[in-house]
Amino acid sequence: MIGAGQVGATIVEALHDEHNVTVVDLDPGRLSALGNRFDVATIEGNGASRRTLQEAGLLESDLMISCTSRDEINLIAAIFSRNLAPETSTIVRTTNEEYLEVWRERQLDVDFMVSSELETANAVSRIIGLPAARQTDVFADGQVQIVEFDVADRDDGDSIVGVPLREARIPRDSKVAGIIRGDRMIIPRGDQTIDVGDRVVIIGSPDAARVWGDILSENKRRLDDIVIFGAGRTGRAVARALVDQGLRVRIIEPDPKRAKYTAEQFPTVRVYQAKGFDPEFLDRERIGQSRAAVFAMQDDAKNHYAATLAKLHGVSFTIAIVHEAASTEVFERAGIDVAINPRQVTAEEIVRFAHDPRTRQVTMLEGDRFEILDVTVRPESEYADQPFRTMPIRGALIGAIVRDGQAIFPHGDDVLRAGDRAIIFTESARATQVEKAL
Amino acid sequence: MARLTRARLRRLFRRESIGVDVRSAIGLVGTNVKYLSFALLAPTVVALLYSEPPWPFLAAGAISFVIGLTIERAGRHGGHLGIREGFFVVSVTWLAAAGVCALTYLLTGEDQLAHPVDAYFESMSGFTTTGASVLTDIEGLPYSVLFWRQLSQWLGGMGIIVLAIAVLPRLRVGGRQLLESEMPGPEIEQLSTRIRDTARRLWALYIGLTVIQIAILAGLGWTRIDPSMSLFEAVSHALTTMPTGGFSTEARSAEAFGPESQWTITIFMAIAGANFALMYRALIRRRPGILLRDEEFKVYVGFLLAATIAVTAILLGDDIFNGEEAVRHAAFQVVSTMTTTGMASTDFNAWPLLGLVLLIGLMFVGGSAGSTAGSIKVVRHLLLGKVLRRELDQTVHPEVVGRIHLNRHVVDERVLRAVSSFILLYVGLFVVGTLLLVVDADRVGLDLRLIDAIAVAATTLGNIGPGLGIAGPMGSFEPYSDFSKLVMIALMWFGRLEIVPIVVLFTRNYWRA
């Protein structure tokens with residue numbers, strides 16, 4: 001691991017149990033903080049130096065992750081790694097979309113590349129697509145969607161809320177994978193009910209997820225008119241993702257040059273050169289009437305203030321991009337609907353790649369308390385060729401399987417076969433166990 | 001000693017104070033005249049074919065060759081030919097070309113063109129592809145003179161392609177630089193980075209389209225679908241369609257031909273009014289989709305269709321024409337006026353006022369940038385519209401950052417300023433021209449309605465051709481006084497060169513070092 005910042009730390013946290021991790025960073029303070037928390041080796045040095053890389057044991061390693069905040073360092077580390085140890089896989093974090101494009105064109109010899117901005121933008125765009133969702137992610141090329149919803153007190157939620165699940169009218173092709181009630185997680189049985197105040201985790205087809213969103217969201221209308229505060233790299237990436245979804249987007253950016261540049265890049269977007277903290281401006285431009293606001297400024301405190309102000313002006317749904325690790329909780333406690341940490345998102349993306357080779361994808365929910373795994377079933381697995389009805393529930397649930405590239409949302413009589421990809425909701429603590437069992 | 005020092009000082013002073021390399025610029029004009037003189041061989045051949053005297057063309061050719069060569073020799077070679085000299089060269093070249101043409105007319109000894117002002121008017125109208133004529137008896141002219149008159153427009157059109165594609169963008173004038181350099185994609189970027197190459201390709205397209213039109217028109221005549229279309233007529237009218245010229249060898253212009261020929265000419269006028277670089281990609285590179293993606297092209301076609309529908313309604317409503325005739329004459333007049341061609345399929349002088357006002361309005365629209373059409377041009381209207389919309393938007397929403405896009409690319413604010421000032425200059429010149437015409441008509445006692453004066457000023461400044469009243473499509477500019485004709489000559493010249501290159505010649509800072 002090159003880089004022990006927020007991204008590095010999150011990755012280490014997810015990987016240190018099952019892997020031997022060596023962390024390289026220039027800052028001894030960060031290294032010792034990591035070394036104290038986790039059982040990892042640390043080396044003080046420059047990741048873009050061949051000697052440091054050799055010292056860190058690159059030659060014996062399976063994977064090199066370069067996730068410093070500087071693109072060029074990450075790329076150079078990857079190039080050195082490829083030269084010194086051609087067998088070692090490389091993952092590079094980048095903030096530059098151009099590098100990502102070049103990599104996709106296979107012009108960069110890197111095994112995996114992740115852009116914080118793009119991952120963040122995708123996360124925002126997924127949430128905007130499902131307004132009631134706290135978090136959502138897609139598996140199996142978009143055939144399976146997992147969503148975490150807040151269950152609010154609503155008049156017409158009766159078909160689902162407060163009724164035993166076996167009687168509830170659950171949308172087709174979907175499954176309640178888990179109910180989070182306070183600190184408890186419940187893997188639901190037929191007699192379980194969903195109550196107001198719960199959070200539910202749904203695994204289902206994208207259509208079903210939309211139906212769930214309609215049932216559970218406070219306003220039925222799809223989020224259109226979206227205001228983005230801040231037109232930095234993240235703000236612009238979010239704008240691009242939303243415009244691509246066909247949504248009406250407005251951007252507020254105080255810096256004249258950046259505002260001008262943004263207006264040039266987005267012909268269909270209205271760009272205001274203004275401060276987001278000016279109540280008169282917010283009022284005049286009816287910012288309060290927008291369905292959702294995304295706060296993508298550099299400073300968490302500013303985002304927080306602007307988001308609170310926007311709420312006061314009537315914006316019903318607020319999404320903040322946060323930068324400090326502690327901010328997520330602060331924001332959500334303060335009533336901002338969703339807080340997204342780009343570093344967290346990036347780390348998740350990297351961890352997905354670094355996991356067990358049979359595990360294609362991992363999503364973390366509620367910080368890192370729960371995980372969604374995408375695991376291929378081995379022939380020797382004790383669960384292979386078992387019908388779902390007879391499977392024991394041990395803190396994990398198979399929400400969907402992918403067979404021959406086709407997503408199936410299994411019922412009790414369906415049988416799990418070797419070679420199926422199972423999409424599983426589980427507590428993080430059990431993730432390894434689940435992987436082994438399958 | 002003192003004298004010598006003063007002389008040297010004066011020379012130094014002069015060299016520093018004049019920042020334009022006039023000798024090099026004049027030399028280049030001479031070269032242009034020299035090459036133009038070869039074009040006079042074409043009417044010579046026509047004269048021989050029709051057993052008419054070829055010597056006026058030979059003599060005019062020889063004289064202009066010698067003059068051109070002399071000026072070229074007198075000019076400096078390898079001097080500095082930059083943007084400033086460019087303004088001078090294009091402005092003077094058009095004057096000189098019209099001069100060569102006028103010399104030819106004078107040498108033919110035709111009565112109708114015996115007056116130097118008349119000869120120069122007809123020549124300027126030719127080389128600026130305007131199509132306004134002082135002739136009163138067109139059919140009375142020999143074939144060779146008629147042919148030379150048609151050819152002058154075709155040559156003018158070739159000049160305009162170079163002007164529009166290569167020269168004016170370099171001089172940062174005209175709407176084309178924003179069409180060309182700012183379109184996306186590597187292939188679309190520039191047809192060719194080398195101007196000479198670009199010009200050659202577009203000339204090939206221009207020549208090719210002319211040949212196709214000749215073939216179609218001649219085919220219509222040969223198959224007796226339109227017996228009135230002889231080979232000579234086919235060639236003559238194709239020569240004035242592609243340059244959006246409008247001269248005709250018939251006194252009744254295109255009215256002399258059958259519906260099939262009129263439709264053919266309508267279509268080719270519409271093609272001639274479209275951006276040549278765009279057409280090159282659509283037709284030669286076989287990427288027709290590019291037309292639908294081009295904002296200017298869409299507006300251009302939209303204008304043509306809307307105006308045709310409106311005029312058709314007027315013609316039907318006033319019972320002037322019925323059925324296909326109404327649509328055909330509406331389309332012909334609309335396309336002819338808007339593309340600044342100026343041929344006529346009917347005498348629209350007799351149309352109701354609303355129809356006339358509509359046609360005068362179209363005179364200010366013009367064709368697309370990068371075509372041989374004159375006038376303001378569609379892209380400028382398009383951009384002005386966007387600027388106005390932004391102004392209104394920012395009145396209500398002062399914080400909105402409005403960047404103006406054309407074909408998905410940002411238009412530089414300086415270009416927008418240039419567009420606004422061009423339109424102001426254009427309207428200003430139009431007003432001044434109208435005033436001068438009205439005052440002069442009053443002076444010489446010519447019976448001129450205000451709408452006639454407006455139409456004549458608009459038609460000459462926009463390089464269209466026919467006006468209204470006595471100068472209507474079947475009429476002639478002959479009755480106007482010499483002074484009025486000089487005003488019109490100036491308007492044609494200004495309009496053709498997009499005003500700015502000429503106007504800057506009259507500013508002090510242009511000449512200063």
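Which residue is the bridge partner of V294(A) in β15(A)? The partner is I319(A). This pair belongs to a predicted model, in which strands β14(A) and β15(A) run parallel and are joined over 4 bridges.

**Chain A as a whole**

- Chain A contains 14 helices and 23 strands.
- The radius of gyration of chain A is 22 Å, and a compact globule of 438 residues would have a value near 22 Å, so the two agree.
- Along the principal axes, the C-alpha atoms of chain A fill a box of roughly 65 × 65 × 40 Å.
- Of the 438 residues in chain A, 47% count as buried.

**Domains of chain A**

- The domain assignment gives domain 1 (6-110) and domain 2 (221-345) in chain A.
- The centres of domain 1 and domain 2 of chain A, taken over C-alpha atoms, are separated by 32 Å.
- Domain 1 of chain A gives 4 residues to the contact, and domain 2 of chain A gives 4 residues.
- On the side of domain 1 of chain A that touches domain 2 of chain A, there are 1 nonpolar, 3 polar and no charged residues.

**The sheet shared by both chains**

**Strand β14 of chain A and its neighbour β11**

- Strand β11 (residues 226-229) and strand β14 (residues 292-295) of chain A run parallel and are joined by 4 bridges.
- F229(A) has F295(A) as its bridge partner in β14(A), while I226(A) stands opposite A292(A) in β14(A).
- Both faces of β14(A) are covered. A292(A) and V294(A) lie on one side, A293(A) and F295(A) lie on the other, and all are buried.

**Where chain A meets chain B**

- Contact between the chains involves 9 residues of chain B and 12 residues of chain A.
- The side of chain B that touches chain A divides into 3 nonpolar, 3 polar and 3 charged residues.
- Strand β13 (residues 270-272) of chain A pairs with strand β1 (residues 400-401) of chain B in the antiparallel sense, over 2 bridges.
- Within this pairing, Y272(A) has V400(B) as its bridge partner in β1(B).

**One residue of chain B**

- W55(B) is found in helix α4 (residues 55-74) of chain B.
- W55(B) is partly exposed, because 13 other C-beta atoms lie within 10 Å.
- W55(B) and L107(B) are 52 residues apart along the chain, and their C-alpha atoms are separated by 8.8 Å.

How values were computed: Residues are numbered from 1 along each chain as its sequence is written. Chains are lettered from A and ligands numbered from 1 in the order in which they are written. This is a predicted model: local features need pLDDT of at least 70, side-chain atom pairs count only at pLDDT 80 or more; totals for chains, interfaces and linings use all residues. Two residues are in contact if their C-beta atoms, placed from the backbone, lie within 7 Å. Ala, Val, Leu, Ile, Met, Phe, Trp, Tyr, Cys and Pro count as nonpolar, Asp, Glu, Lys and Arg as charged, and the others, Gly among them, as polar. Two strands pair if DSSP finds at least two bridges between them. A residue is buried if 20 or more other C-beta atoms lie within 10 Å of its own, exposed if 12 or fewer, and partly exposed in between; C-beta atoms are placed from the backbone. The radius of gyration is taken over C-alpha atoms; the globule rule is 2.2 Å times the number of residues to the power 0.38. Domain bounds come from an automatic or database domain assignment.
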